[in-house]
Amino acid sequence: MRHKLAGYTLSRTSGQRTALRRTLVTQLVLNGRIQTTETKCKAIQNQAEKLISIAKKASPDKPGQVTARRLVAAQVNGGVETVRKVFELAPRFVDRNGGYTRISKLGPRKGDNAPMALIEWM
């Protein structure tokens, strides 16, 4: 029974799940949009929006910029380039209190009929 268990297991072990989410969020940051299954989109949406929230709170004139960069770097792959890109995205969402990503359904995949979706920044 799965009482009070949050999140999507994605038919993977915890290490594989962490690696998959980290890779998908990194690709979303670098490319601006990715096409994958609906379930994977929903699984990474929360994590991607939390990264933007961390970057928004740490503006250059406030203390805590280094801490925020380290928190973001711990959740993405790609090193300095990816972290820099997250902090370049954050000013776009200054007047927005959430909902930084959009999921658009695309229809079933041809091979296995899996529901596909596109996740992108608003």
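This is a predicted model: local features need pLDDT of at least 70, side-chain atom pairs count only at pLDDT 80 or more; totals for chains, interfaces and linings use all residues.

Visitor: What makes up the chain, in helices and strands?

Guide: The chain holds 4 helices and 3 strands, in the order α-β-α-α-α-β-β along the sequence. Helices (H or I, at least four residues) and strands (E, at least two) are DSSP runs, numbered from the N terminus.

Visitor: Why are H1 and H2 called roughly perpendicular?

Guide: Two packed helices are described by the angle between their axes and the distance between the axes. The axes of H1 (residues 14–31) and H2 (residues 38–57) come within 9 Å and cross at roughly 65 degrees. Axes are lines fitted to C-alpha atoms, for helices over the stretch in contact, and angles run from 0 to 180 degrees between N-to-C directions. Angles under 35 degrees count as roughly parallel, over 145 as roughly antiparallel, 65 to 115 as roughly perpendicular and the rest as oblique. H1 and H2 are therefore roughly perpendicular to each other.

Visitor: Which residues of H1 and H2 meet?

Guide: Leu20, Arg21, Leu24, Val25 and Leu28 of H1 meet Lys40, Ala43, Ile44, Gln47, Ala48 and Leu51 of H2, where contact means heavy atoms within 4.5 Å. These residues divide into 8 nonpolar, 1 polar and 2 charged. Here Ala, Val, Leu, Ile, Met, Phe, Trp, Tyr, Cys and Pro count as nonpolar, Asp, Glu, Lys and Arg as charged, and the others, Gly among them, as polar.

Visitor: At what angle do H3 and H4 pack?

Guide: Helix H3 (residues 65–73) packs against H4 at an angle of about 115 degrees, with the axes 9 Å apart. Gln65, Ala68, Arg69, Val72 and Ala73 of H3 make the contact with Val83, Arg84, Val86 and Phe87 of H4. This contact comprises 6 nonpolar, 1 polar and 2 charged residues.

Visitor: How many aromatic pairs does a search of the whole structure find?

Guide: The search finds 2 aromatic pairs. Rings of Phe, Tyr and Trp (its six-membered ring) pair if their centres lie within 6.5 Å; planes under 30 degrees apart count as stacked, over 60 as edge-to-face and the rest as tilted. Phe93 and Tyr100 lie 5.1 Å centre to centre with 50 degrees between the planes, hence a tilted pair. Phe93 and Trp121, at 6.2 Å and 45 degrees, form a tilted pair as well. The latter links Phe93, in the loop between H4 (80–89) and strand S2 (101–108), to Trp121 in strand S3 (residues 115–121), 28 residues apart. Phe93, Tyr100 and Trp121 form one aromatic cluster.

Visitor: How do you know whether Phe93 and Trp121 are buried or exposed?

Guide: Buried means under 20% relative accessible area, exposed over 50%, and partly exposed in between (1.4 Å probe, protein chains only). Phe93 has 2% relative accessibility and so counts as buried; Trp121, with 8%, is buried too.

How values were computed:
Residues are numbered from 1 along each chain as its sequence is written. Side-chain values use heavy atoms; hydrogens and water are left out.
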